[in-house]
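Hi everyone, and thanks for coming. Let me put the structure up on the screen, and then we can walk through it together.

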Amino acid sequence: MSERKKVLIVDDDPDFVEGIKAILDTEYETEVAYNPKDGWEALKRGGHDLLCLDIMMGRGAEGVMIARKIRKDPVLREMPVLIITSLREQIAFLFPGQAVHPGFVPVDELVEKPVDPDLLLQKAAAMIAAAEARRAAK
Amino acid sequence: MSVPGRILLIDDEEVVLDSCRAILEGTEYVVAAVGSGAEGLEQARSGQPDLVFVDLKMPGMSGMEVLEALRELDPTIICVVFTGFATIAAAVEAMQRGARDFLAKPFTPDEFRAMVRRGLEWRRLEVEAAALRREREALRENFAAIVSHELRSPLGAIQQNLFVLRKELAEVVTEDQLHRLERMSIRLGDLLALVNRWLRGFSVDFVGLKESFRAVAIAVPVATAVESVQPEAVRKDVTVEAEADPEAVVLGDEGTLTEAFLNVIGNAVKYSREGGKVHVSAVRRDEKVVVSVTDTGVGIPEADLSRLFDAFYRGQAAESSVGGAGIGLAVTRRIVESHGGTITATSDPGRGSTFVIALPALGTPAAGSDGSPADQASKGEAG
């Protein structure tokens, strides 16, 4: 392993952020944005290997806004996104008729809040590794 | 409101229309007057009146017909009928058909003005009541989102930090302290699961579900559900055996069907004694696919059977204190019914219960039924 990978967390609940940041800190360099606007600005600055994104922020599904922008961005759309949501049903509620895993961005997976520490680390590592493999294959 | 009131007058007698208009002259009301029921309806559709005065005796479309059509158009429009003394009985009938009041001809200007004021006040109340009803509906629909945000978020944040603390402190704290941290986490997990189950009961759009219906081999959701209960079954030393006809196909939503079976099979395991047996079978029987779940558990007292599928109802759970929100079977019933199926339960207290879910089968084998599967799915036959 050369350098520590960088994970960006975008979530508006500071307490929850503390809870996953502490887990990710053991393996990664972390950066936090507490609202979609700051999150997007951080993403534009670049350098992240994984985004942990909360969908339900602010007055609704403001996390989706970020997902939409990522989808349109030629560089960011390559980045893996781990969607951390408080309830899978909410996703089904917001996007009726779609699978529970809606595929907001080209590369994403979904875990429910609260997330088991080992599962979080495992997902993060797998997604980052898969993204690297994709880059290497190009 | 910008306009103090839109009033529509429908009467074939020109003199009545003229005098009413004259009475209201100089007021801020917007008044329209027409000479027949048909014109009146047309005007009502385009002009959105608050208050309609309609004569009962008119050539062509009668006042009664106008009343019914108006009620269909917008039940919050206030209708008052004009009537001669001879037709008081008819006025009563009109009120039964939706008219709010009647004004006997001939009436004085004051009587008419008073009726206009009263009518518009009724209308205001009607509109207000309708808005409140809508608000209540919206609140109910958004309940899931509200509860989710207010209750789940803080609980989730606490749980997340407990997870981390348990990991971080594992080396530092005593075994007893670690045990207490674990207990906190478990209790919190139960609470979160409870909130989730409540949310589920409120938030699933069982009507919209139909749009995602497609052919589902019943063996698939049955197998998934059985697989999901295995860890719990193994822990309790309960054997779950399942057999499913690979040819049995229904029109439905695989995810919610899995959930329905999971609820029933999960209950069977939950109410089984150690070493018990749960048998799941899914077979094609005539035009139905029948899934039955039989356990050798504690059974259900006769008195509980009829209320089993009501939301928040929990049986006496005779032998053990088994946890639960009392919503699983209610959700199951809604899922099954949205698939046009039925769910029934029979029980022999102390010896076990059988739950039977019957769903309309896809692909009718025998002649004699030409109902398409989609038709059958929407009928929701009982029994």
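This is a predicted model: local features need pLDDT of at least 70, side-chain atom pairs count only at pLDDT 80 or more; totals for chains, interfaces and linings use all residues.

Let me begin with a term: two strands pair if DSSP finds at least two bridges between them. Residues are numbered from 1 along each chain as its sequence is written, and chains are lettered from A and ligands numbered from 1 in the order in which they are written.

Now, the pairing itself. In chain B, strand 7 (residues 239-244) runs parallel to strand 9 (residues 277-285), with 6 bridges between them. One example is Ala242(B), whose bridge partner in strand 9 is Val280(B).

What does strand 9 of chain B do with strand 10? Strand 9 pairs with strand 10 (residues 288-295) in the antiparallel sense, over 8 bridges. Here His279(B) has Thr294(B) as its bridge partner. The two strands form a hairpin with 2 residues between them, and Asp286(B) in that hairpin takes a positive phi near 55°.

Next, a pair of helices. Helix 8 (residues 254-270) and helix 10 (residues 328-338) of chain B pack at about 140°, with axes 9 Å apart. Those axes are lines fitted to C-alpha atoms over the stretch in contact, and angles run from 0 to 180 degrees between N-to-C directions.

Who meets whom? Counting a contact when C-beta atoms, placed from the backbone, lie within 7 Å, helix 8 brings residues including Leu257(B), Ala260(B) and Val264(B), and helix 10 brings residues including Leu329(B), Val331(B) and Ile335(B).

Finally, let's step back to whole chains. Chain A has 5 helices and 5 strands, in the order β-α-β-α-β-α-β-α-β-α along the sequence. Chain B has 11 helices and 12 strands.

How much is buried? A residue counts as buried if 20 or more other C-beta atoms, placed from the backbone, lie within 10 Å of its own. That gives 43% of the 138 residues in chain A, and 35% of the 383 residues in chain B.

One last pair of numbers, on contacts. In chain A, 67% of contacts between residues at least 6 apart in sequence join residues at least 24 apart. For chain B, 68% of contacts with a separation of 6 or more come from residues 24 or more positions apart.

Methods:
Helices (H or I, at least four residues) and strands (E, at least two) are DSSP runs, numbered from the N terminus. Two residues are in contact if their C-beta atoms, placed from the backbone, lie within 7 Å. A residue is buried if 20 or more other C-beta atoms lie within 10 Å of its own, exposed if 12 or fewer, and partly exposed in between; C-beta atoms are placed from the backbone.
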